[in-house]
Amino acid sequence: RMTYLYQPGLENDITRSAIDEFIFDRFLEIQTKSGSALLMTGELVDLQQYSLSYDNDDNVEEYRIEVFVNLKLYNQITGKLMWAENRFMGQTDYPVSGPNAITESRALKNAVKDLSKRIVERTVEAW
């Protein structure tokens with residue numbers, strides 16, 4: 001069973017997380033828009049949650065959260081689009097019962113972190 005989620009401010013969380021991942025990766029330097037050679041734009045397009053497993057009483061034991069964004073990377077020097085990805089996804093699976101249970105909020109942070117890592121990988125793979 002799939003449900004759609006809404007999380008106010010998630011766009012800002014994704015932006016901050018992606019910037020943190022670029023800083024951690026150290027392959028590309030973060031600059032202001034006017035001082036950078038590359039410009040990435042993006043939009044949050046979907047946030048979904050799926051039930052993955054159930055106990056004997058049909059209670060959900062594990063969920064998956066998926067975060068989807070549309071991304072574009074521009075070369076600001078040439079003005080050309082370097083790449084674009086629609087419905088680029090980050091995800092996480094999380095148990096809601098048992099000793100490893102985590103909250104939906106924590107799981108969403110994990111999915112955003114996964115998305116951010118994938119954004120950095122996609123960006124630097126060309127070099």
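Reply: Happy to! S3 (60-75) and strand S4 (residues 81-95) run antiparallel and are joined by 12 bridges. Strands and helices here are DSSP runs (E, at least two residues, for strands; H or I, at least four, for helices), numbered from the N terminus, and two strands pair if DSSP finds at least two bridges between them. Within this pairing, Val67 has Gly90 in S4 as its bridge partner.

Before going further, a word on the model: it is predicted, so local features need pLDDT of at least 70 and side-chain atom pairs count only at pLDDT 80 or more, while totals for chains, interfaces and linings use all residues. Residues are numbered from 1 along each chain as its sequence is written, and side-chain values use heavy atoms, with hydrogens and water left out.

Now to the turn. The hairpin of S3 and S4 has 5 residues between the strands, and Gly79 there takes a positive phi near 80°. Gly79 lies in the loop between S3 and S4 and is exposed, with a relative accessible area of 55%; exposed means over 50%, buried under 20%, and partly exposed in between (1.4 Å probe, protein chains only). Its C-alpha is separated by 9.7 Å from that of Leu39, although the two residues are 40 apart along the chain.

On to the other partner of S3: strand S2 (38-54) also runs antiparallel to S3, and 15 bridges join the two. Gln49 stands opposite Ile65 in S3. The hairpin of S2 and S3 likewise has 5 residues between the strands, with Asp58 at a positive phi near 65°.

What packs against these strands? S2 and S3, together with helix H2 (104-124), are among the elements covering the buried residues of H1, where contact means heavy atoms within 4.5 Å. Those buried residues are Leu10, Ile14, Ser17, Ala18, Glu21 and Phe22. Seen down the axis of H1, they fall within an arc of 140°, so they line one face of the helix; the arc is that of the directions from the helix axis to the C-beta atoms.

Finally, two arginines sit over rings. The charged end of Arg87 is over the ring of Phe68, 4.1 Å from its centre, and Arg122 lies over the face of Trp83, at 4.4 Å from the ring centre. The cut-off is NZ of Lys or CZ of Arg within 6 Å of the ring centre and within 35 degrees of the ring normal.
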